[in-house]
Amino acid sequence: MSFPVIKGASYSLFHTPEMTVHQGSNQTTERYTNPNSEHFKNLQKSLRSFDEFVKYPPNQVYIGNVKPDMLKCHKRPWYEHPLEAASTDGPFGAIYTEEELIALVKIVDVFDLVVLEEDFQAGAKVKLKNKQELQIIDKLLSKLDTKGEKFAELERMVNEEHAEGMYYSGRLVGCVKKAHAFDAVLTAHVMFENLVSKATAVVNLLQMFTKTKLRPEEVDYIIETSEEACGDMNQRGGGNIAKSIGEVCGCVNATGSDTRSFCAAPVHGLVQAAALVQSGIYKNVIVIAGGSTAKLGMNSKSHIEKNMPALEDCLGAFAIHVSENDGINPIIRTDVVGRHTIGAGSAPQAVITAIVTDPLDRADIKLEDIDKFAPELQNPEITVPAGAGDVTLSNLKMIAALGVKRGDFLKEDIERIVNEKGMPGYAPTQGHIPSGVPYIGFARQEILNKKFNKVMIIGKGSLFLGRLTNLFDGVSFVMQDNTGTEEKASVSKEEVRSMVAETLKRLAESL
Amino acid sequence: MDLENQARIKGFADQYGKDLVIVLGAGEAQAAELAAETVTQGDPTYAGPLAGVQLGLPVYHAFELKDSVDPDVYEDQAGMMEMVLDVDALIEAVKKFRAE
């Protein structure tokens, strides 16, 4: 059996303080229920500058400039101990300003829904024109050549036509118009969320084309795994965000589809990608997702209460390239896939058993054999002050505790296991983004460098939030060192004919 | 506490009155405390249906019920989490609202 490989990974972040104030669901709800709330004044004071955002240690880890284990010994709170040697560019991707992102939203809009203020548009174009990743696609920036709109007209569209305003440094610089007169699924707000998700995914995929050898025309299939829904009133989640991303990125030979399972979707997407490649249906599959504006500032009230910066001022994006076995890159062990089945039960123990120990047991791999477990990688500095605990640490403790119950480890080993086989969470709380996938870039590097042999990537999802089921979800797979291209198990027609002929010949001889 | 859960608890309280017992499964003391306060003294964030509603319901953390359930069931459902979570802090966070 020839396992598929992980050939590349890209990760990008976007600083979005104004979107946090104007579009985060916590803030839009507050504006609706209590328009004069003190929260808005307090939030403004708690927003970070772009420089603080770039130097924030977890953000430098996300784009690959620093390894996650560095955070174990980096002084806390991380927001008070910036990395002075930080950069907006990293081996996995880049960090973008809100100004750049707003211009990118205009660039990816194919229905003329996005309008930018004329001076802002001209200024943003100058900032983007030297970016290497935007040179890959011919005339990508030409969308910014058209004349922008006057500020007064923007203001009118926002005030009178329910357009969704886009702000930069405290002023209105653009808007997204509604896409239909009365379709609730094509409102300006929904279109804004979808366009931002698309824009962040697009530029991150272009990062992959810049930083790896993969060319846009080589991509066969794209699996989009965000938590947005694209469609109209007759097919609310009709899709296909994947193809809309591929279209902008020049993936002319690709098709694609969207996969959903709350935060677990990226790992579902990777398992599907692995199957598509291993079966020979496609050679190069991209699993991708952009950011979620609704989750911006989700815990900002708790952060403000504790005199912290509002750390959820950040959108994330990722893309993973799954390809046929090249004998070099880490393989995806498709025979070690964990799944939380419908009948497994939702108790934490049942979930961890289903997605961690069951698949390992089936393949006769011991917990101790896994060099790193990458579960939900939410940044604890965001979740702990909000009362949600250290999600990554809890997951690692659960794996270790289950190991104790099974007799794999001693109780006194829990701390060692957590320390050796885990890492601090460092991903923004963007739902699907922290779901194990941020570590794939590092895991690939460490396996290629022969530091690790096996890494388990774990995604979990809270399906009950959709109010259709009380079920939980979880998926996992193991990345492993590649020992060289394996022989394919299948045989050709010619070989079968030859074998049958040989057998008949022997039979005839024996008769 | 989630606004939808507050609405459901309020509905159950209207239906069953003082026969209703709340069992929490929160993993963090702060979250357990907030939930316990909500179902006894009302929603402290004044955001949900239990804002200003003092239900005064008896509230327990699942770990407190260890002796009341089948040991095998407990072990299956909560045994692993006993090793992971700060059991004493969780019980303490909930217990004080029973005392009040």
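Student: What do the buried residues of H11(A) pack against?
Tutor: They pack against H10, strand E6 (221-224), strand E7 (255-258) and strand E8 (284-289), which belong to chain A. Keep in mind that this is a predicted model.

Student: And which residues are buried in H11(A)?
Tutor: Ile241(A), Ala242(A), Ser244(A), Ile245(A), Gly246(A) and Val248(A). With six of the eight residues of helix H11 (residues 241-248) of chain A buried, the helix is largely enclosed by the rest of the structure.

Student: What follows H11(A)?
Tutor: Gly250(A) does, and its phi is positive, near 75 degrees.

Student: OK, on to H10(A). How do H7(A) and H10(A) pack?
Tutor: Helix H7 (residues 98-107) of chain A meets H10(A) at an angle of about 100 degrees, and their axes are 9 Å apart. That angle falls in the 65 to 115 range, so H7(A) and H10(A) count as roughly perpendicular to each other.

Student: Which residues make the contact?
Tutor: From H7(A) you have Leu101(A), Leu104(A) and Val105(A), and from H10(A) there are Leu195(A), Val196(A), Ala199(A) and Val203(A). By class that contact has seven nonpolar residues, with no polar and no charged ones.

Student: Let's talk about the largest nonpolar core. Which residues touch the most other members?
Tutor: Leu205(A) and Ile457(A), out of 154 residues in that core. The helix that gives the most to this core is H10 (residues 188-211) of chain A, with 14 residues.

Student: Where does this core lie relative to domain 1 and domain 2 of chain A?
Tutor: Between them, because domain 1 (5-323) and domain 2 (331-480) of chain A both give residues to it.

Student: What is Ile457(A) in contact with, leaving aside its neighbours within four places in sequence?
Tutor: Val267(A), Ala374(A), Gly436(A), Val437(A), Tyr439(A), Ile440(A), Ser476(A), Phe477(A) and Met479(A). There's also a second, separate core of six residues, with Val21(A), Leu43(A), Ile304(A) and Leu311(A) among them.

Student: Back to the domains, then. How far apart do the C-alpha centres of domain 1 and domain 2 of chain A lie?
Tutor: They lie 26 Å apart. The contact takes 51 residues from domain 1 of chain A and 42 residues from domain 2 of chain A.

Student: What gives the most to the domain 1 side?
Tutor: H12(A), with nine residues. By class, the side of domain 1 of chain A that touches domain 2 of chain A divides into 32 nonpolar, twelve polar and seven charged residues.

Student: New topic: at what angle do H14(A) and H16(A) pack?
Tutor: Helix H14 (residues 348-362) and helix H16 (residues 391-406) of chain A pack at about 90 degrees, with their axes 10 Å apart. They're therefore roughly perpendicular to each other.

Student: Which residues meet there?
Tutor: Pro348(A), Gln349(A), Ile352(A), Thr353(A), Val356(A) and Thr357(A) in H14(A) meet Met398(A), Ile399(A), Leu402(A) and Arg406(A) in H16(A). The classes here are six nonpolar, three polar and one charged.

Student: Last one. How many residues of chain B are in contact with chain A?
Tutor: Twelve, and they're in contact with 14 residues of chain A. Helix H2 (29-40) and helix H3 (71-84) of chain B each supply at least two residues of that side of chain B, and H3(B) gives the most, with seven residues. By class, the side of chain B that touches chain A has six nonpolar, four polar and two charged residues.

Conventions:
Residues are numbered from 1 along each chain as its sequence is written. Chains are lettered from A and ligands numbered from 1 in the order in which they are written. This is a predicted model: local features need pLDDT of at least 70, side-chain atom pairs count only at pLDDT 80 or more; totals for chains, interfaces and linings use all residues. A nonpolar core is a set of buried Ala, Val, Leu, Ile, Met, Phe, Trp, Tyr and Cys residues joined through C-beta atoms within 7 Å. A residue is buried if 20 or more other C-beta atoms lie within 10 Å of its own, exposed if 12 or fewer, and partly exposed in between; C-beta atoms are placed from the backbone. Helices (H or I, at least four residues) and strands (E, at least two) are DSSP runs, numbered from the N terminus. Domain bounds come from an automatic or database domain assignment. Two residues are in contact if their C-beta atoms, placed from the backbone, lie within 7 Å. Ala, Val, Leu, Ile, Met, Phe, Trp, Tyr, Cys and Pro count as nonpolar, Asp, Glu, Lys and Arg as charged, and the others, Gly among them, as polar. Axes are lines fitted to C-alpha atoms, for helices over the stretch in contact, and angles run from 0 to 180 degrees between N-to-C directions. Angles under 35 degrees count as roughly parallel, over 145 as roughly antiparallel, 65 to 115 as roughly perpendicular and the rest as oblique.
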